[in-house]
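Take a look at the model below.

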Amino acid sequence: MILRRVLLRLLTTLVTLLGVSVIVFVTIRVVPGDPIAMMLPPGATDDDIDRLRRIYGLDRSIAEQYFIWLSGVVQGDFGTSIQTRQPVLNLVLRRLPATLELSIMALVIAMVIGGFLALTGTRLRGTRTEGAIDVTNGMALSVPDFLWGLVLILLFGVLWPVFHISGRISPNLTSEFSTSFYLFESVFRLRFDLWLDLVSHMFMPALALAIPLAAIIGQLLKQSLKETMHLDYVTLSRTKGYGENHVIIREALPNAVLPTLTLIGVQFTFLIGGTVIIERLFSYEGLGNMAIDAVINRDLPLIQGIVILFALLFTVVNLLVDMLYAVLNPRLRHA
Amino acid sequence: MSAFLSIRNLSVALKGGPRLLRAVSLDVAVGEVRGLVGESGAGKSMIGKAVLGILPHSVEVVAGEIWLDGVDLLRLKPAERRRKVGATAALIPQDPLTALNPSRRIGRQITDRLVDILGWTRADAESRALELLGEVHIPDPARVMHSYPHELSGGMRQRVLIASAFAAEPRLIVADEPTTALDVTVQKQILRLIAQMQARHGTALLFVTHDLGVVSKVCSSLSVLYGGLVLEQTGVRDFFRAPQHPYSRALLAATPQYTDPMAGLNPVPESVIAAVTEEVAQADRGWRHG
């Protein structure tokens, strides 16, 4: 039963990825802009251009190109970057950890801030503090992440320079790592000097990504808590002698979290999408930054690789959320 | 003071609005089962909520005293009051389908008060919960302890809630229409169970209901309410033999007799309603908010 569901899920994931690949493949070939023209020096002859086109297979029809590409992908070959002449898979996998770490850090920050706002707002419901929290949430929501990025750069990078405003880590430290998961590695090896350097680089972009999500989590969780607080089992718990804090955290929160969780899943994929611009803004060497370069250079194989990876990431996140939901909700566990 | 619960001139009002309870006074002696009877809106549930300290936010106590086990609850600090209520009283709620937390195991929901409020060890609390689940005739208590509420039927959940209410040996239990949400066949079993448990544990019971049939089966005394006003307080036998207040008589006459299918319904006559409404208005004369 469970096996069938997993298989079905994998199948739909595969179809989704296939669909995404077709759309991307066609789109980037239809829009104006020629990768070959970007590579050659001015004054190249038509012969040079034709020769390069043949090398990269760009002289064939789009359908032909697609199937050539697909047959490579099936064998684990995502093609070669036109710009850097390196295998796309290597390039992309080397950048993926940077984006993953940034996204996860942003998610954690968003959940901490959002959870804190929701719990405080529920505890102090009906007071001015609750009103202030609602106003703050509204403001945080109405400003997009990249503007928060700019604001943060001005505040903590320029006016009061406590954080680094560009890069993922100080360049002289990159040789210290044996994997690309710098943040995780620094924690596992207990190298808190490295960790501190990483965080002072990553905190601002992560916070910029996190603020809108924190506001959404705060608002929805508070609403959900408020509804839960009126339910009979919460009242019954009060008659047992429990105070407000216990009632909110032990009785209401576990049930109020469920609807929020679904939303976090959806919003987290938006957050990953947001990394494209935020990484650019903070010169953060992740997938998003690479994607923008790839688009500027019309590096078709690289664009394809990145988009497929993003699509894969989205479906994996959704799968994880569904699984987490089943774990947290006892009513779904036996179904 | 011989009464275990003694409510004196308790007035409860909507914040800045009219009174919902109008100087209610009533006593519940140790081991007594007192029914609170009235139509919906009469304020019977409100009394239980005021005692347990779970009045809705829109409502406040404006006057009176609630003596529970020798202390006036309304003079305690909120935290002290919660502990006092948690340690000496309990609630059997109306709707068993919504009164259990869907994401917590049954066992934990019975033992939490024993461990957290009364300071029992977890092992003691768990064996106590098992014992109580057996007492309320739940088959395979050990399995139920590990179950979630959605795995049990409505009747079973109400049994769990009854076990939970009796677990800490409270000396007063407020039963707030505990059978209203159940279907008729289960109602009877649950009523019998509550009566049994009450007799065995000697717990005083404040039994909120709109059903005089239920009162006749379970209660030893009753208070009749209308519009937040206590109209009559008497023993159950006296009440069914000779109700004193005209409204009580009309209420008794209005109880449907299921034995005679041809008999129509006898609603409380307009004249009685008018008289009792006037009585409520009389009680409000001279009362000012705040």
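This is a predicted model: local features need pLDDT of at least 70, side-chain atom pairs count only at pLDDT 80 or more; totals for chains, interfaces and linings use all residues.

**From core to interface**

B:V160 touches B:L100, B:I106, B:I110, B:L133, B:I138, B:V144 and B:L152, leaving aside residues up to four places away in sequence. B:V160 belongs to the largest nonpolar core, a set of 88 residues. B:V160 is among the residues with the most contacts inside that core, together with B:L5, B:I47, B:I162, B:L172 and B:F207. The largest share of this core comes from α6(B), with eight residues.

Now turn to the contact between the chains. Chain B brings 27 residues and chain A brings 20 residues. How much area do chain B and chain A bury between them? The value is about 2,100 Å², with 53% of it on carbon and sulfur atoms. On chain B, B:R82, B:P102 and B:H150 supply 22% of the area buried against chain A, more than any other three residues.

Polar links join the two chains as well. Eleven residue pairs are in polar contact, both residues at pLDDT 80 or more. Salt bridges between chain B and chain A number three. In one salt bridge, the side chains of B:D112 and A:K240 meet at 3.3 Å, N to O.

Which elements of chain B supply at least two residues each to the side that touches chain A? They are α2 (78-88), β6 (89-92), α3 (106-117) and α6 (154-167). The largest share, five residues, comes from α3(B). By type, this side of chain B divides into twelve nonpolar, eight polar and seven charged residues.

Terms used
Residues are numbered from 1 along each chain as its sequence is written. Chains are lettered from A and ligands numbered from 1 in the order in which they are written. Side-chain values use heavy atoms; hydrogens and water are left out. Contact means heavy atoms within 4.5 Å. Buried area is the accessible area (1.4 Å probe) that two parts lose on being put together, summed over both. A salt bridge is a side-chain nitrogen of Lys or Arg within 4 Å of a carboxyl oxygen of Asp or Glu. A polar contact is a pair of N or O atoms within 3.5 Å; within protein, one must be able to donate a hydrogen and the other to accept it, and residues adjacent in sequence count only if both atoms are side-chain atoms. Helices (H or I, at least four residues) and strands (E, at least two) are DSSP runs, numbered from the N terminus. Ala, Val, Leu, Ile, Met, Phe, Trp, Tyr, Cys and Pro count as nonpolar, Asp, Glu, Lys and Arg as charged, and the others, Gly among them, as polar. A nonpolar core is a set of buried Ala, Val, Leu, Ile, Met, Phe, Trp, Tyr and Cys residues joined through side-chain atoms within 4.5 Å. Buried means under 20% relative accessible area, exposed over 50%, partly exposed in between (1.4 Å probe, protein chains only).
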